Amino acid sequence: MVPVILAGGSGSRLWPLSRKLRPKQFLKLTNQRSMLQNTLLRVKSLSDVSAPIIICNEEHRFTVADQLDEMNMANCQIILEPAARDTAPAVAIASLYAQKDSILLLLAADHEILDENKFNQAVMDAKKSVVDGNILTFGIVPTSAHTGYGYIKLQQESNTKTYKVEKFVEKPDSLTAQKYLDSGDYHWNSGMFMFKTNTMVNQLKLYQPSLLKSCENALLHSTVDLDFIRLHPSSFESSPSISIDYAIMEKSNLVRIVPLDAGWSDVGCWNSLWEISKKDQDNNVCLGDILAVNSTNSYIRANKKLVATLGIDNLVVIETDDAILVADKSKVQNIKKIVSTLNEKQRCEIQDHRQVFRPWGYYDSIDSGARFQVKRIVVKPGAKLSVQMHHHRAEHWIVVKGTAKVLCGNSTQLLSENESTYIPIGDIHSLENPGKINLELIEVQSGSYLGEDDIVRFEDMYGRSEPNVSPSKVLEPEEG
């Protein structure tokens, strides 16, 4: 059995913690591991499984690789999608990539499951039915009349652990959801599936032939880049954007459902996170430096600052380095409206946090003004920033921990703690950590333009250098 973990998605309803370049599947929301890492540990506990296949957006590739490295799971295969196309193309890619007649267990990277023993048993029940040529979906036994999930109506059968699916239904209003709950015939649609590759490919041929053809071409013309498989962009982008539910599950007569009652949550909003988290005596979830006085039924999370509340009830309060959210807990499903507004205004708070992760480490933007910017830079042992230059800014580097190997122009030097150097505008330079501990330095940028796009890369160990650019070409004087 091959686990396939879908690690795309933006998680916008968990803003301001979840951002476009650091969405919820890569965040530590329920414990000291990210949602992706929790999912990997979950499948690792299953018996008779192969190394997982992870499908993600290419801009998240180094984040995925880093989180796998933290868990010593470097044998996973990472497939990069050049564009977002929902789940059906990802399922097609996984089915074509895996060995023929393999059993695939399709999971989202951002789900929480509290009872792993029940999950493992449901997987084994599904596996027995999959061998007979069925497509299995995991239906969550509902605990409330939830309006944020799609529902699946099952046909009750005796003496069996899986059931025929009668129909899939869209997210209902509250009255309809209550009817579903009272009937006992409906389960929540978890978006988790199990099937044999041959079965899925045949169903795609029957119901989505053009999608399958696009994915076949995307895989046929894919390239290997470091530890990643890059799908062919134009081929993959020619595929329609459609979920596997619409593409196959609602059409196929092979779909069966296995009930799952294991404390599942898709952690789709702050209220969902409050529901599954441990609460204090006032029914609050308090994470970070919190002082909650006469406050009840709230989710309060602080990143770095002290957050004090007085006399609040049923609120969500989230503090990050660059944004604070205060919301009615019953209205957090609408946070997408805030994200849409930020997007329209082209606000940077939608893209990333003040702390920005890179394949070599990360930087934290400490302060900025009209012609200056201050960053704290952390470089992992053995890592190196690209050989680069800037047209509009100079940089001052001050080492506060570790050892820096600095190239500037034609000279190379080693800098230790409390030593510094200056990088003039236009000088080709690079920064490397040759040591065994993290390199930490303070960078002060000054100049007329300080945007991250003022960078020309000549050499880069992470495959980000500019094509057909050499230092001599850049330094040639302009004609005239």
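## Basis of the model

Helices (H or I, at least four residues) and strands (E, at least two) are DSSP runs, numbered from the N terminus, and in these terms His 429 lies in strand β28, which covers residues 429-432. The structure is a predicted model, in which local features need pLDDT of at least 70 and side-chain atom pairs count only at pLDDT 80 or more, while totals for chains, interfaces and linings use all residues. Residues are numbered from 1 along each chain as its sequence is written, and side-chain values use heavy atoms, with hydrogens and water left out.

The predictor's confidence in each residue, pLDDT, runs from 0 to 100; its mean over the protein chain is 92, and 96% of the residues reach 70 or more. Over residues 472-480, however, the pLDDT is below 50, and this stretch has eight contacts in the model beyond near neighbours in sequence, a contact being heavy atoms within 4.5 Å.

## Surroundings of His 429

With a relative accessibility of 2%, His 429 counts as buried, a term that means under 20% relative accessible area, with exposed over 50% and partly exposed in between (1.4 Å probe, protein chains only). Leaving aside neighbours within four places in sequence, the residues in contact with His 429 include Ser 386, Val 387, Gln 388, Met 389, Glu 395, Trp 397 and Ile 423.

The side chain of His 429 is joined to that of His 390 by a polar contact of 3.4 Å, and it also reaches the backbone oxygen of Asp 427 at 2.9 Å. A polar contact is a pair of N or O atoms within 3.5 Å; within protein, one must be able to donate a hydrogen and the other to accept it, and residues adjacent in sequence count only if both atoms are side-chain atoms.

A nonpolar core is a set of buried Ala, Val, Leu, Ile, Met, Phe, Trp, Tyr and Cys residues joined through side-chain atoms within 4.5 Å. The largest such core has 41 residues, and among those with the most contacts inside it are Val 4, Ile 55, Phe 195 and Met 200. Helix α3 (residues 87-97) gives the most to this core, with six residues, and a second, separate core of 35 residues includes Ala 7, Phe 62, Ile 78 and Leu 415.

In helix α6 (residues 197-207), the buried residues include Thr 197, Met 200, Val 201 and Leu 204. Among the elements that cover the buried residues of α6 are α3, β4 (103-108), β9 (186-196) and α7 (209-220).

## A four-stranded sheet

Four strands form an open sheet with mixed pairing, in the order β14-β16-β18-β19, where two strands pair if DSSP finds at least two bridges between them. Because β14 (285-287) and β19 (324-328) stand at the edges with a single partner strand each, one side of each is left without a neighbour in the sheet.

Strand β18 (residues 315-319) is joined to β19 by five bridges, and the two run antiparallel; Glu 319 has Ile 324 of β19 as its bridge partner, and the two strands form a hairpin with four residues between them. Strand β16 (residues 299-302), by contrast, runs parallel to β18 and is joined to it by four bridges, with Tyr 299 partnered by Val 316 of β18. Four of the five residues of β18 are buried, so this strand is largely enclosed by the rest of the structure.
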